Amino acid sequence: PQGAVFGYSTDTFWFRIKRDCLPTDTRNRLLEIAYPLESITAYVLDSASKLHTIQAGELFRKKSNLPKYRNHLISLESVGKEDIYFKVKSRTSIQF
């Protein structure tokens, strides 16, 4: 399925997803973003209202402690219900 497509833009875009993990599921997950974006910042607001910030994208690929992979990966802990906000910026076509 195709996500949001905005064409070439230097604007900053915001997206939100809601996530709900079962309390018995303690496995961490990897979220894959399969498009070459320059800067992706994930703001994870967990069920305890604690904010976690995760950076990904071409500008941060060398700083990542995740395995090398062709697409961007964001590690997510299983913490119950949470909202994840994505701030996306790139000088290329934006697809998310």
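This briefing covers strand pairing, the nonpolar core, salt bridges, an aromatic pair and the surroundings of one serine.

The model is predicted: local features need pLDDT of at least 70, side-chain atom pairs count only at pLDDT 80 or more, and totals for chains, interfaces and linings use all residues. Residues are numbered from 1 along each chain as its sequence is written, and side-chain values use heavy atoms, with hydrogens and water left out. The structure holds two salt bridges and one aromatic pair.

**Strand pairing**

- Strand 2 pairs with strand 7 in the antiparallel sense, over nine bridges; strands are DSSP runs of E with at least two residues, numbered from the N terminus, and two of them pair if DSSP finds at least two bridges between them.
- On the strand 7 side, K89 stands opposite T12.
- Strand 4 and strand 7 also run antiparallel, joined by seven bridges.
- I40 has V88 in strand 7 as its bridge partner.

**Nonpolar core**

- The largest nonpolar core has 14 residues; such a core is a set of buried Ala, Val, Leu, Ile, Met, Phe, Trp, Tyr and Cys residues joined through side-chain atoms within 4.5 Å.
- Buried means under 20% relative accessible area, exposed over 50%, and partly exposed in between, with a 1.4 Å probe and protein chains only.
- The residues with the most contacts inside this core are I33, L37, I40, I74, I84, F86 and V88.
- At least two residues of this core come from each of strand 2, strand 4, strand 6 (72-76) and strand 7.
- Not counting residues up to four places away in sequence, L37 touches G57, E58, H72, V88, S90, S93, I94, Q95 and F96; contact means heavy atoms within 4.5 Å.

**Salt bridges**

- K18 forms a salt bridge with D83, and the closest N and O atoms are 3.6 Å apart; the criterion is a side-chain nitrogen of Lys or Arg within 4 Å of a carboxyl oxygen of Asp or Glu.
- Because K18 lies in strand 2 and D83 in strand 7, this pair ties together parts that are 65 residues apart in sequence.
- K18 counts as exposed at 60% relative accessibility, whereas D83 is buried with a relative accessible area of 17%.
- In the salt bridge of E38 with R91, the closest N and O atoms are 3.2 Å apart.
- E38 lies in the loop between strand 3 (29-33) and strand 4, and R91 in the loop between strand 7 and strand 8, so the pair ties together parts 53 residues apart in sequence.
- E38 counts as buried at 18% relative accessibility, while R91 counts as exposed at 62%.

**Aromatic pair**

- The ring centres of W14 and Y43 are 5.7 Å apart and the planes are at 25°, so the pair is stacked.
- Rings of Phe, Tyr and Trp (its six-membered ring) pair if their centres lie within 6.5 Å; planes under 30 degrees apart count as stacked, over 60 as edge-to-face and the rest as tilted.
- This pair links distant parts of the chain, with W14 in strand 2 (residues 12-20) and Y43 in strand 4 (residues 39-45), 29 residues apart.
- W14 counts as exposed at 52% relative accessibility, and Y43 is partly exposed with a relative accessible area of 22%.

**Surroundings of S90**

- S90 lies in the loop between strand 7 (81-89) and strand 8 (93-95) and counts as buried at 1% relative accessibility.
- Leaving aside neighbours within four places in sequence, S90 is in contact with S9, T10, P36, L37 and E38.
- A polar atom of the S90 side chain lies 3.4 Å from the backbone nitrogen of E38.

Technical notes: Helix = DSSP H or I, 4+ residues; strand = E, 2+ residues; numbered from the N terminus. Polar contact = N/O pair within 3.5 Å; in protein donor to acceptor, adjacent residues only side chain to side chain.
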